[in-house]
2 protein chains.
Amino acid sequence: MTSEYIAGSVNTNPVVVRRLLALLREAGFVTSQPGNGGGWELAVNPEKLTLEKVRQAVQEESPFSMHSRQPNQRCPVGKKIQGVLGPLYVRAEKAMEGELAKTTVQSLLSAVQVAEK
Amino acid sequence: MTSEYIAGSVNTNPVVVRRLLALLREAGFVTSQPGNGGGWELAVNPEKLTLEKVRQAVQEESPFSMHSRQPNQRCPVGKKIQGVLGPLYVRAEKAMEGELAKTTVQSLLSAVQVAEK
DNA sequence: CTTATTTGTAATAGTGTTGGTTACAGATGG
DNA sequence: CCATCTGTAACCAACACTATTACAAATAAG
């Protein structure tokens, strides 16, 4: 499909679509073909492509992040809080990722098709 | 503690602290006292206060959200995708929340104190 | 009563991120 | 050679978030 076609479906601009798909291409999930008759194509088995993989490809930063400003190191809490929070963030993140890893692009497609009937 | 004291620890402006604490106060987790000798105080048992409760009080919007622009309803996928994605988002969110609910403010405090030794 | 202290809140400015848009070079097939 | 696509840079608008200033209102202490 072309980026313009997809943009029409998602209701946005073709360039926005290309930018996003470029990330998925870097991850090896889709391929693109310039020129006449070109466009974008899925490059992997949709049953193997989980939403977690897609998420990782599209947004590299983790959902949780530390404060932008360094806490005061002279405060007994500020001094240690990041070391305590870090592992917790990792666990919460993993829990979310585990759930997203359960769903594949294929299962999404099937769900859409069922809903369509 | 006063908002100015806390701001010194978190390395930010007192007003920022007050705005955040005001959300926690609305949730009933802390109380505030204006005037001389006033400040902020924890109002609940720190063993009962989970980070998930805090998260809910501080940021009401869910981590996942639908596209800002409505997908094209004439597209067979666009027409149904939100109904398919919705429940999935709920599951991923619940998984994350479940993890955050396992940690209490008290356990954070203990962890900080242990790390301090 | 006066003064110092502290919250409550509005107003404003700066900053960064995101999405949208335009523009155009380069690739490709007919 | 032309129509069609991608690739990408450049730019703007919208939005959110943080920080900051300013000041009214509450409160305790003297």
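## Where the protein meets DNA strand D

Let's start at a phosphate: in this predicted model, a polar side-chain atom of B:Asn13 sits 3.4 Å from a phosphate oxygen of DNA strand D. Chain A has a phosphate contact to show as well, with an N or O atom in the side chain of A:Ser32 lying 2.8 Å from a phosphate oxygen of DNA strand D. For a base contact, look at A:Arg19, where a polar side-chain atom is 3.4 Å from a base nitrogen of DNA strand D.

Which elements give two or more residues to the surface near DNA strand D? From chain A come helix 2 (14-26), strand 1 (30-33) and strand 2 (39-42), and from chain B comes helix 2 (14-26). Helix 2 of chain A gives the most, with four residues.

## What that surface is made of

Zooming out, 23 residues surround DNA strand D. The closest of them are A:Ser3, A:Arg25, A:Ser32, A:Arg69 and B:Thr12. Sorted by class, the surface near DNA strand D has twelve polar, six nonpolar and five charged residues.

And what about the DNA side? If you take the atoms of DNA strand D within 4 Å of the protein, 55% belong to sugar or phosphate, and the rest belong to bases.

A:Asn11 has a positive phi of about 70°, even though it is not a glycine. You'll find A:Asn11 in the loop between helix 1 (3-10) and helix 2 of chain A. Its relative accessibility is 33%, so A:Asn11 counts as partly exposed.

B:Asn11 is placed in the loop between helix 1 (3-10) and helix 2 of chain B. Is B:Asn11 buried, exposed or partly exposed? With a relative accessible area of 34%, B:Asn11 is partly exposed, because buried would take a value under 20% and exposed a value over 50%.

Conventions. Residues are numbered from 1 along each chain as its sequence is written. Chains are lettered from A and ligands numbered from 1 in the order in which they are written. This is a predicted model: local features need pLDDT of at least 70, side-chain atom pairs count only at pLDDT 80 or more; totals for chains, interfaces and linings use all residues. Side-chain values use heavy atoms; hydrogens and water are left out. A residue is near a molecule or strand if one of its heavy atoms lies within 4 Å of it. A polar contact is a pair of N or O atoms within 3.5 Å; within protein, one must be able to donate a hydrogen and the other to accept it, and residues adjacent in sequence count only if both atoms are side-chain atoms. Ala, Val, Leu, Ile, Met, Phe, Trp, Tyr, Cys and Pro count as nonpolar, Asp, Glu, Lys and Arg as charged, and the others, Gly among them, as polar. Buried means under 20% relative accessible area, exposed over 50%, partly exposed in between (1.4 Å probe, protein chains only).
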